[in-house]
There are 2 protein chains.
Amino acid sequence: MSLAPVLDRIDADLPQAVARLQELLRIPSISTDPAYQADCDLAADWLVADLAAMGFAASKRPTPGHPMVVAHAGGDGPHVLFYGHYDVQPVDPLHLWDRDPFDPQVEDTPKGKVIRGRGTSDDKGQLMTFVEACRAWIAVHGSLPANITLFFEGEEESGSPSLVPFMQENAKELTADIALICDTGLYGDATPAIITQLRGLLGEEITITGPSKDLHSGMYGGLAMNPARVLARVIAALHDADGRVTLPGFYDGVPELSNELAAAWDDLRFDETAFLGEVGLAIPAGEKGRRPLEMIWSRPTCEVNGMWSGYTGDGFKTVLPSQAHAKISFRLVGTQDPLAIRAAFRRQVQDMIPADCSVSFAPHGASAAGQMTTTHPAFDQARKALSDEWPHAAAYVGCGGSIPIAAYFKDILQMDAMLIGFGKDDDQIHSPNEKYDLSSFHKGIRSWARILHAMTQAA
Amino acid sequence: MSLAPVLDRIDADLPQAVARLQELLRIPSISTDPAYQADCDLAADWLVADLAAMGFAASKRPTPGHPMVVAHAGGDGPHVLFYGHYDVQPVDPLHLWDRDPFDPQVEDTPKGKVIRGRGTSDDKGQLMTFVEACRAWIAVHGSLPANITLFFEGEEESGSPSLVPFMQENAKELTADIALICDTGLYGDATPAIITQLRGLLGEEITITGPSKDLHSGMYGGLAMNPARVLARVIAALHDADGRVTLPGFYDGVPELSNELAAAWDDLRFDETAFLGEVGLAIPAGEKGRRPLEMIWSRPTCEVNGMWSGYTGDGFKTVLPSQAHAKISFRLVGTQDPLAIRAAFRRQVQDMIPADCSVSFAPHGASAAGQMTTTHPAFDQARKALSDEWPHAAAYVGCGGSIPIAAYFKDILQMDAMLIGFGKDDDQIHSPNEKYDLSSFHKGIRSWARILHAMTQAA
């Protein structure tokens, strides 16, 4: 089956593909907020209907949380599983959006056309690049060039609680020759990237309780311990003056960068001044003496994602708060053990709590870092196919984010996973005004069409 | 004019006095929240109407903020000004209240009857003790035993922005022989107290800005500075390991306790274990080596009243926040200079901000500590009158709270101020489930009737 007419069809069908994506984007499938449960369900239904109309055997599959979507089509050629997620991040602070996050539109910007809205880049827009590539193959040739399983999740932004049990229970159905995951980005604006290392993620919410109720800071201030002060000490103690995380054993399993990878990354000529300048910063804030790319790709971190205590409204209230809270997460690399780090974190915090205060912990996910083996021939095939589509040759890169599913495919289904995505650094995922470049969407669809073709030719 | 029938009248009229207080409590006059502006106005109207009905020349007096209420009655005898405030604290977190904070009711508790609701103790219930004492005098004798001016404010819980200008513009009308202020508490459950020292209050809200927008902690974590981490360091650095505030010059003007006062306070046999145990704590958390009573009455403090950053909702959002905020206040003593401390605070914070982050400051009030001279004969008269009413003799004590009006009376109107109140430590002012003991209300009214009588007899 020839590739050229498929690429032509993709070009001609782009306005319709954008309209379909807009339909999916209008469904506010925020998985972390129970108020949007019905919308998550609706997004799954939308995907099932769209895939069924294309000829996939598609079904919505219940889980204790939000449903999975699984669809099968094709039959000849290699067996490929494609993964994406249809859930999106919350949208607060809403007032910082320039438009309704769930009324996506194509906008002209100085850098070209973009689709603006929550989920455009993370991950509905990316997910649909593969779906549209399949649609074009079917439209032109009446069938797919490979045996394809689609696997869409609705809990990626809330820690994927149902994913591992679902994979275990449906291992036979989901196992393919290789997994393709589209939830990452280009390197820069024009270099396609295949991720070969991902950071893991460990989340903890802590609540420190001092007095049994909010107190008047005049009546009690000086005599009663203030839990906000304890929390500040706990957080401040998590890093030393060199930016290193202070937990005992934290750096166990953190590998030094190999000489080859260091050279390859240096060749990428990462411009940290431009990268940070885009978000109003200038100074790499990680461990002293590390390359900026190491700070985001291959070094572990500890971040405060949220904290709150006392009176946070307008005006002033001289309260001595009863409780102080923080959501803290760690990005992990190499063979760092999430559970050992959780234990070390809890011990260090517990040791800093005054005897008459208390602390409680709520876990929020614990996934180890992922390291891809690139020996499967699909890696080379995809690298060449991507290099044909984009201005620059494709690169093997790292990723600071956490996509634990890559490790699950390996551990549970014994499949290698190939992470290819078309997001850009300025997509503002997880932030107000998220967008996806129209060129990412368009060339993303073409990239998958080429990759499927390359894998089929080789097979 | 004899005292005994006035006390009898107070006893007989108690149910009606409670009903009147409930009417005033039902008006949600939260001064710090603009949504309740009309309610503050309504509370002032209610007071004017009640006082006018008793024969006071009462008026609501406009200010740029909430109105003052000024009322005059009597003529013979000493000229006494009584101050209270009709505004109340916000009620959040509302879900921790056992009942509607603005539907006050008398409740039976193991410790006796209480009136439960926002403002019962701070300060509507206390304010009404004096009004009811006046009502009883007029009811029994047809007139007051002194020349009385009532002065009620509606902005005490929001920093009293209009108070000083109003006092300056109406100095002649407001100047009396002595000021009485009812916004404090008993010492323990049965010892009436006259406050002779009050802590000052300095408030600052700080906002630390790192990235220009919220970021994905995977994409940027490790490279981009997290302002919540900066804020934690700033707050943690405000105290040293001995609980002392670290700002340079902070302890300038902080006096050591005199031998007499130290002995008098030791005589009070303050039970810090019981005081802290009441709120679930056990360990005095202030400066090492200080008496617990010093920690709350005569030592300065620094407290976090509120802090917030990033995602604070349900679930987890791996955001690297753009901003981190805190509301921080200092209780001041002796001759500590609020403006010098504000400057030292801002310098210390500014020095801890990374070069590519920024900090902004919003001031929230700055009042010096107050030290009463007790040479005016009214102090001894009130002390004796209070000792007649209560089980224990009255004591001169300190107060950890800040009632800057006492200093204003001295500085602007050259009047001594006598602070007498009937609140209890467990009144939960500024907290959910605020209450005022019915016995505080009842014996408070009787106390003022006695004090007016004592001052008149002496005059």
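Strand β11 (residues 301-310) of chain A contributes the most to the lining of the largest cavity, with three residues. The model is predicted. This cavity has a volume of about 140 Å³. Its lining comprises 17 residues. Those nearest the centre are G243(A), G286(A), P300(A), T301(A) and G222(B). By class, the lining divides into seven nonpolar, five polar and five charged residues.

The second largest cavity has a volume of about 100 Å³. Here 14 residues form the lining. Nearest the centre lie G222(A), G243(B), G286(B), P300(B) and T301(B). Strand β11 (residues 301-310) of chain B supplies the largest share of this lining, again three residues. The class counts are five nonpolar, five polar and four charged. In total, the structure holds eight cavities of 30 Å³ or more.

Helix α8 (residues 227-236) of chain A and helix α7 (residues 227-236) of chain B have axes that come within 8 Å. The axes cross at roughly 120°. Angles of 65 to 115 degrees count as roughly perpendicular and those over 145 as roughly antiparallel. α8(A) and α7(B) are therefore oblique to each other. Their crossing is left-handed. On the chain A side, the contact involves A232(A), R233(A), I235(A) and A236(A) of α8(A). These meet A232(B), R233(B), I235(B) and A236(B) of α7(B). The contact residues comprise six nonpolar, two charged and no polar.

Backbone geometry was examined next. Most peptide bonds are trans, and most residues other than glycine have a negative phi. The peptide bond from D92(A) to P93(A) is cis, with omega near 0°. P93(A) sits in the loop between β3 (79-85) and β4 (105-109) of chain A. A cis peptide bond also runs from D122(A) to D123(A), with omega near 10°. D123(A) belongs to the loop between β5 (112-116) and α4 (124-141) of chain A. R269(A) is a residue other than glycine with a positive phi, near 45°.

Note on methods: Residues are numbered from 1 along each chain as its sequence is written. Chains are lettered from A and ligands numbered from 1 in the order in which they are written. This is a predicted model: local features need pLDDT of at least 70, side-chain atom pairs count only at pLDDT 80 or more; totals for chains, interfaces and linings use all residues. Side-chain values use heavy atoms; hydrogens and water are left out. Axes are lines fitted to C-alpha atoms, for helices over the stretch in contact, and angles run from 0 to 180 degrees between N-to-C directions. Helices (H or I, at least four residues) and strands (E, at least two) are DSSP runs, numbered from the N terminus. Angles under 35 degrees count as roughly parallel, over 145 as roughly antiparallel, 65 to 115 as roughly perpendicular and the rest as oblique. A crossing is left-handed if the near helix is turned anticlockwise from the far one by less than a right angle, and right-handed if clockwise. Contact means heavy atoms within 4.5 Å. Ala, Val, Leu, Ile, Met, Phe, Trp, Tyr, Cys and Pro count as nonpolar, Asp, Glu, Lys and Arg as charged, and the others, Gly among them, as polar. On a 1 Å grid over the protein atoms alone, a cavity is a set of points where a 1.4 Å probe fits but cannot get out, and a pocket is an open set with protein on both sides within 12 Å along at least five of seven lines; lining residues have an atom within 4 Å of a point. Grid points are joined across faces, edges and corners, and a volume is the space filled by probe spheres set on the points.
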